[in-house]
Amino acid sequence: MPLPARLPSGRRPVSFSSGPSGRRRLRRGSWLPAILSALLLIAGFASYVAFYSAAPTEPGFHAQACWFDTDIVGDADCGTLVVRENRQRPDSRTIGLPIVILRAQGEEAERGRTREPIFYLTGGPGDRFPFSSQQDMDSWSLWRKDFPPEHDLILVGPRGTGRHAVDFGCPEMRKAAISAGAHRPGEPPPDSRALAVEAVTACARRLQSEGVDLTAYNSRESAADIAELRQALEIETAVLYGVSYGTRWALSILRYHPEGIAAAILDGLVPPEAAEGLEVAAFYRESLQQVFDDCAAHSVCRHQFGDVERRYERLREGLKARPLKLPLENYLDGDELSALGDAEGRSISFDDTWFGWLLFDAIMDRDVPFLIPLLIDDLEQKRFATLNARLRESLLLILESQAYNSWAIYLSHICRDEAAFETPEAVAAAARTAGDLAFMVEDYAPNYLCALWPSGKADPVENQPVRSAVPTLLLSGRFDPLTPPALAQRAAAHLSNSYLYTLAEKGHGALYDNACAQHLVRSFLRSFKRPTQTRCEPQDLAVSAGN
């Protein structure tokens, strides 16, 4: 279960996968107030809702005018793919998936020499996808450059996140999600698990009363959506690009609908046979150890920060014994506090679990090498600038999570396809093995919520490896604690025509902002064979392998 929204503890920042970074983050280099983001989002949704309020209901692809201005993003076409909600039921209602096609660019495109279109499969599961506002679409003018210009890039809204009613989610979860464990002096911390149970029960009841079939939102149905879209657009052959949980989506396509798929690029692997939720603590520990080892081997880092591993352990133990009391008002302005509800006088108990999740999120970032040593050093020296910046971002992510992510879709996928194969005994055993990091396993295992969510249980094949001979490029970030290189290596054992590369200085989402990874993608797409490494420096790659 790769990117849960971080209940039940309410402490870790919400980090559903989203956008080309593989997860929803604030705009690069910006610290815009959350209220401004909300206003921009509302403005974008106004056009988004207007576009989908008149969505067709007959199955097939229906071209429609784009709901955004294309001046910045370039040539684009839009439409809705209408599919059956549940293909196993002939009388099932239809749902609409938003589609944006960013057309090929450059000299080759102008000459009519375009290559296979690329289906962009976002993560989550439950990501509402970064094309809901003008601001998001404008950002694609930059993100588009990460992909070869001679290919159309087809952005697909996952089922359940772009229906006629935009908010197919669980707004009931907001109270539980934003509690962040904050409380007033003398009061006990809020019971986030109890809040989550109450919210999930209410959400499931409401959605079922509205006629939503919660058994129909899963990897197999999503794979069939892409097969129908390829046929509806009359695309003979296409390439899949999946990031984070989007790799699970792509692997399901290779399992159930490989016809017409020329190649696949999988960035941050989530193979179906993996129980990464049970291994998350081990993955985090390994990634953190690499940060410590790199600092020890780097003369500047070693001189400035000393024995970072020893300092980390000392700081973690100190926070476990004596948590910091951090008032919310130090991190959020008046409007943002109002969005939290009754937040006046509340503080966060910044303990070892908050600290662990904050470091986890930092490791996923591309600025890993010195950020974690700096954060540890600052906290030991009672300097809080680095912590304050990271904590504010985390709280803003929690505030905006409902706008960008759907708990309903997340639970439907995870409970049916993953948690159904993880027994409570296995979760308990993994937590015991994790020791001081047991909270990571317990927070990532939504079994207690899945018991309340009527998603059904997938066929056992969903817990088996995908075997395929389709040419596949596998990318991983060496520091990634969520979808680490080990998962890519496991998947590669069953992909007979695969090429695996681990980017040495990357966290989660290896392609973005990385010239070497972008070169590997371009080279691979020219022939669907082993890419050249001519534009990669020796230090760029930690591992390269192929079948």
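Predicted model: local features only at pLDDT ≥ 70, side-chain atom pairs only at ≥ 80, totals over all residues.

Across the protein chain the mean pLDDT is 85, and 86% of the residues reach 70 or more. Two stretches need some caution. Over residues 1-46 pLDDT stays under 50, and the model has 169 contacts beyond four places in sequence for that stretch. Residues 163-167 also stay under 50, with 17 such contacts.

Now for the cysteines. The structure holds five disulfides. If you number the bonded cysteines of the protein chain in sequence order, they pair up as 1-2, 3-4, 5-6, 7-8, 9-10. Here are some of the links:

| Disulfide | S to S distance | Torsion about the S-S bond |
|---|---|---|
| C170 and C203 | 1.9 Å | about -80 degrees |
| C295 and C301 | 1.9 Å | -95 degrees |
| C516 and C536 | 2.1 Å | 100 degrees |

With its torsion of about -80 degrees, the disulfide of C170 and C203 is left-handed. C170 lies in the loop between β5 and α4 (174-178), while C203 is in helix α5 (residues 192-209), so this pair ties together parts that are 33 residues apart in sequence. C170 counts as buried at 0% relative accessibility, and C203 is buried at 0% too.

The link of C295 and C301 is left-handed as well. Its two ends are tucked away: C295 is buried at 1% relative accessibility, and C301 is buried with a relative accessible area of 1%.

The link of C516 and C536, on the other hand, is right-handed. It connects distant parts of the chain, with C516 in helix α20 and C536 in the loop between α20 and β12 (541-546), 20 residues apart. Both C516 and C536 are buried.

On to the rings. How many aromatic pairs does the structure hold? There are 20 of them. In one, the rings of F147 and Y512 have centres 6.5 Å apart and planes at 65 degrees, so the pair is edge-to-face. F147 sits in the loop between α3 (134-143) and β5 (151-156), and Y512 in the loop between β11 (498-503) and α20 (515-527), so the two tie together parts that are 365 residues apart in sequence. F147 and Y512 are both buried.

Another pair is Y284 with F360: their centres are 5.9 Å apart and their planes are at 25 degrees, so this pair is stacked. Y284 belongs to helix α8 (residues 276-297) and F360 to helix α12, so the pair ties together parts that are 76 residues apart in sequence. Both Y284 and F360 are buried.

Elsewhere, charges sit over rings: the charged end of R255 is over the ring of Y256, 5.9 Å from its centre, and that of R478 is over the ring of F479, 4.5 Å from its centre.

S244 lies between β6 (238-243) and α7 (245-256) and is buried, with a relative accessible area of 0%.

D351 is in the loop between β9 (347-350) and α12 (352-364). Is D351 buried or exposed? With a relative accessible area of 10%, D351 is buried. The side chain of D351 makes a polar contact of 2.7 Å with that of T353, and a polar atom of the D351 side chain lies 3.0 Å from the backbone nitrogen of W354.

Notes: Residues numbered from 1 in each chain as written. Heavy atoms only, no water. Helix = DSSP H or I, 4+ residues; strand = E, 2+ residues; numbered from the N terminus. Buried < 20%, exposed > 50% of the residue type's maximum accessible area, 1.4 Å probe, protein only. Polar contact = N/O pair within 3.5 Å; in protein donor to acceptor, adjacent residues only side chain to side chain. pLDDT = per-residue confidence, 0-100. Contact = heavy atoms within 4.5 Å. Phe/Tyr/Trp six-rings, centres within 6.5 Å; stacked < 30°, edge-to-face > 60°. Lys NZ or Arg CZ within 6 Å of the ring centre and 35° of its normal. Disulfide = S-S within 2.5 Å.
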